[in-house]
Amino acid sequence: MRIYELFFILVLGFFSGFSFGQEVIRTSVPEEFVNGLHAKYLKNIARHMNMEIEITPMPFARRLRELRQGNLDLLVGLQREDNKQDEVVYIKPSYETLRHTFFVSKKNIDKLQRFSDLKNMYIGVTRHAKYFKQFNQESGLIMVPVTTLRQKIALLMKGRINTFIHYQESAMPLITDMGLQNEIVLADYQPIEVNKYYVTISQNSPLINKKHLFETAVRDAIAHHEFATIRRNHYASHRGSH
């Protein structure tokens with residue numbers, strides 16, 4: 001009996017990352033957005049590649065680690081801060097440009113008027129995430145790292161942080177779903193710097209030999225405005241559900 005069990009385990013291991021001969025793109029998205037925007041971006045890339053896709057929800061920090069180790073093949077939503085090459089290959093050009101947003105409790109809306117006000121605050125951030133240059137380089141800020149947007153919202157409501165930073169388009173729908181749209185608002189101070197986001201492939205991925213095909217797929221999608229269309233339709237459908 002043990003021999004059959006061992007054989008079954010070996011077969012499963014052999015086909016991990018494949019679907020009976022069909023190569024599979026292994027990727028990941030935030031745990032609270034398994035059907036969110038990033039998942040739609042990734043499925044569109046898989047469609048261009050004519051490949052199956054396997055999406056495993058996990059926190060941002062773990063996603064980065066798994067990508068670097070080659071346990072994930074592809075990710076979206078990563079910023080590039082320098083030209084240093086490591087295990088992560090950034091596919092150029094960037095597929096979208098976004099600006100981060102600070103949120104505060106409505107009763108404390110007057111407390112965040114300028115960047116220097118952040119030095120007196122506890123700030124909710126996503127663990128290992130990068131934001132805008134001034135913020136990333138300021139050593140005097142008190143960061144409170146968490147893994148999910150929902151945790152940021154909960155900490156703000158409990159008064160354990162004074163503000164949190166996130167994308168407005170993805171944060172506002174969740175805030176509304178939680179019935180907190182009248183209690184959590186945009187801060188008066190907002191950064192003006194915008195950030196570029198890239199599709200990335202792991203240098204340690206078994207699919208790295210298809211890098212040129214991924215580059216072509218991403219560039220075709222950008223040229224045909226597919227990322228922008230997916231983003232617009234995603235948020236339009238969400239607004240229509242309220």
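Let's start in a loop: glycine 36 lies between strand E2 (22–27) and helix H2. This is a predicted model, so keep that in mind while you look around. Glycine 36 has a relative accessibility of 6%, and because buried means under 20%, this glycine counts as buried.

Among contacts with a separation of 6 or more, 73% are between residues 24 or more positions apart. The chain has 242 residues, and 43% of them are buried. As for secondary structure, you'll find 8 helices and 11 strands.

Now for the inside. Which residues touch the most other members of the largest nonpolar core? They are Ile45, Leu74, Val199, Phe214 and Phe227, out of 27 residues in that core.

| Element | Residues |
|---|---|
| Helix H2 | 37–49 |
| Strand E4 | 74–78 |
| Strand E5 | 88–98 |
| Strand E11 | 195–202 |
| Helix H7 | 211–223 |
| Helix H8 | 226–240 |

H2 gives the most to this core, namely 7 residues.

Next, a pair of helices. How do H5 and H6 pack? Helix H5 (residues 149–157) and helix H6 (residues 168–177) meet at an angle of about 60 degrees, and their axes are 11 Å apart. H5 and H6 are therefore oblique to each other. The crossing of H5 past H6 is right-handed. On the H5 side, the contact uses Leu149, Arg150 and Ile153, while H6 brings Ser170, Ala171, Leu174 and Ile175. Sorted by type, the residues of this contact come out as 5 nonpolar, 1 polar and 1 charged.

Stay with H6 for a moment. Ser170, Ala171, Pro173, Leu174 and Ile175 of this helix are buried. After H6 comes glycine 179, which has a positive phi, near 70 degrees.

Technical notes:
Residues numbered from 1 in each chain as written. Predicted model: local features only at pLDDT ≥ 70, side-chain atom pairs only at ≥ 80, totals over all residues. Heavy atoms only, no water. Core = buried A, V, L, I, M, F, W, Y, C linked by side-chain atoms within 4.5 Å. Buried < 20%, exposed > 50% of the residue type's maximum accessible area, 1.4 Å probe, protein only. Helix = DSSP H or I, 4+ residues; strand = E, 2+ residues; numbered from the N terminus. Axes fitted to C-alpha atoms, helices over the stretch in contact; angles between N-to-C directions. Parallel < 35°, antiparallel > 145°, perpendicular 65-115°, else oblique. Left-handed = near helix turned anticlockwise from the far one by under 90°. Contact = heavy atoms within 4.5 Å. Nonpolar A, V, L, I, M, F, W, Y, C, P; charged D, E, K, R; others polar.
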